[in-house]
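Student: Hey, can we go through this structure together? I'd like to ask things as they come up.

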Amino acid sequence: MRILITGANGLVGSACQFYALKMKFDITIVSSKKNIVPSIKCYKSLNQIEKNTVFDILIHCASATPNNSDFDQIFQINRQIDNDLCNFIKNHSFIKQVIYLSSMSVYGKINLDVINENTKPNSPNQYGLSKLLGESDLEKTCNDRNQKLAILRLPGVIGKKMPEVFFKRLYDSIHSQSEISIRSKNSIFNNAVLDSDIFHTSMKILRNQKENIILLNHHSENILTLGDLINYTSEVIGKKPIIKESQECNPPFLITNDKNDDLLSKSKIELMVSTFHREYNK
């Protein structure tokens, strides 16, 4: 199995490298950072890779986000990253499967209780818009080349290097005994995915995708109320939470898919909490 990972030394890219190594894949990466595994073939950009190189799967993790870039520059950076990806696909005939990692930010302001992959975007910010345009560009490019593409819209990704999304803020607040605000303890939550689940989902898609192009919202296996999530996290950490309910917090919503949900590799939220606690405190 030959795998190509872009943005390979970030949160998701690192997890993809780790599990690809465990499975003894032939790995090639693209990263501007120093490689975490010196023996892996590493390029600074896609255009350095020889045109006749064969890959079974390309996992596109590279992206400018509000957590790693100046927000004013995110749109232009992502447009360039995705333009380079499209050009790479156009010039390479030997890629079996493309996985494009997008974001729930494409939906913008979510005022619904339940969303699926057909929910219309509502005024996304510059980051969300850049990913939405990237999806469109990749879909056109792959359609033109009869190339298999799966677009994964990601929620908060759980891993040791994760940014300050809700899940980590909640964990840190309980750990430091500081207050955290939530909408309501009865709010529902499935807006999380383990970094490793994204790799395993990519492998399931490679084996089982039937349509040429699919779009999926990633999410956890189960649904918890925020009250249950807080209580479980508190038990794992061994400290009591300090919670404030506020209507100023964003309203909750449930993540679903109309089609292809069975292609997702999903973990229970409780496993995410215990995994993060173990990795975070190593």
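Student: Is Leu 21 buried, partly exposed or exposed?

Tutor: This is a predicted model, by the way. Leu 21 has a relative accessible area of 38%. Buried means under 20% and exposed means over 50%, so Leu 21 counts as partly exposed.

Student: Okay, and which helix is Leu 21 in?

Tutor: Leu 21 belongs to helix α1.

Student: What does Leu 21 touch, leaving out residues up to four places away in sequence?

Tutor: Leu 21 touches Ile 27, Val 37 and Ile 40. Leu 21 and Ile 40 are 19 residues apart along the chain, and their C-alpha atoms are separated by 9.4 Å.

Student: Back to α1. At what angle do α1 and α5 pack?

Tutor: Helix α1, residues 11-22, packs with helix α5, residues 195-208, at about 60°, and the axes are 8 Å apart. That angle is why the two helices are called oblique to each other. The crossing of α1 past α5 is right-handed.

Student: Which residues make that contact?

Tutor: From α1, they include Leu 11, Val 12 and Ala 15, and from α5, Ile 198 and Phe 199 are among them. By class, the contact has eight nonpolar, two polar and one charged residues.

Student: New topic: how many residues are in the largest nonpolar core?

Tutor: The largest nonpolar core has 51 residues. Ile 3 is one of those with the most contacts inside it, along with Ile 59, Leu 101, Leu 152 and Leu 229. Apart from that core lies another, of 17 residues, including Leu 4 and Cys 142.

Terms used:
Residues are numbered from 1 along each chain as its sequence is written. This is a predicted model: local features need pLDDT of at least 70, side-chain atom pairs count only at pLDDT 80 or more; totals for chains, interfaces and linings use all residues. Side-chain values use heavy atoms; hydrogens and water are left out. A nonpolar core is a set of buried Ala, Val, Leu, Ile, Met, Phe, Trp, Tyr and Cys residues joined through side-chain atoms within 4.5 Å. Buried means under 20% relative accessible area, exposed over 50%, partly exposed in between (1.4 Å probe, protein chains only). Axes are lines fitted to C-alpha atoms, for helices over the stretch in contact, and angles run from 0 to 180 degrees between N-to-C directions. Helices (H or I, at least four residues) and strands (E, at least two) are DSSP runs, numbered from the N terminus. Angles under 35 degrees count as roughly parallel, over 145 as roughly antiparallel, 65 to 115 as roughly perpendicular and the rest as oblique. A crossing is left-handed if the near helix is turned anticlockwise from the far one by less than a right angle, and right-handed if clockwise. Contact means heavy atoms within 4.5 Å. Ala, Val, Leu, Ile, Met, Phe, Trp, Tyr, Cys and Pro count as nonpolar, Asp, Glu, Lys and Arg as charged, and the others, Gly among them, as polar.
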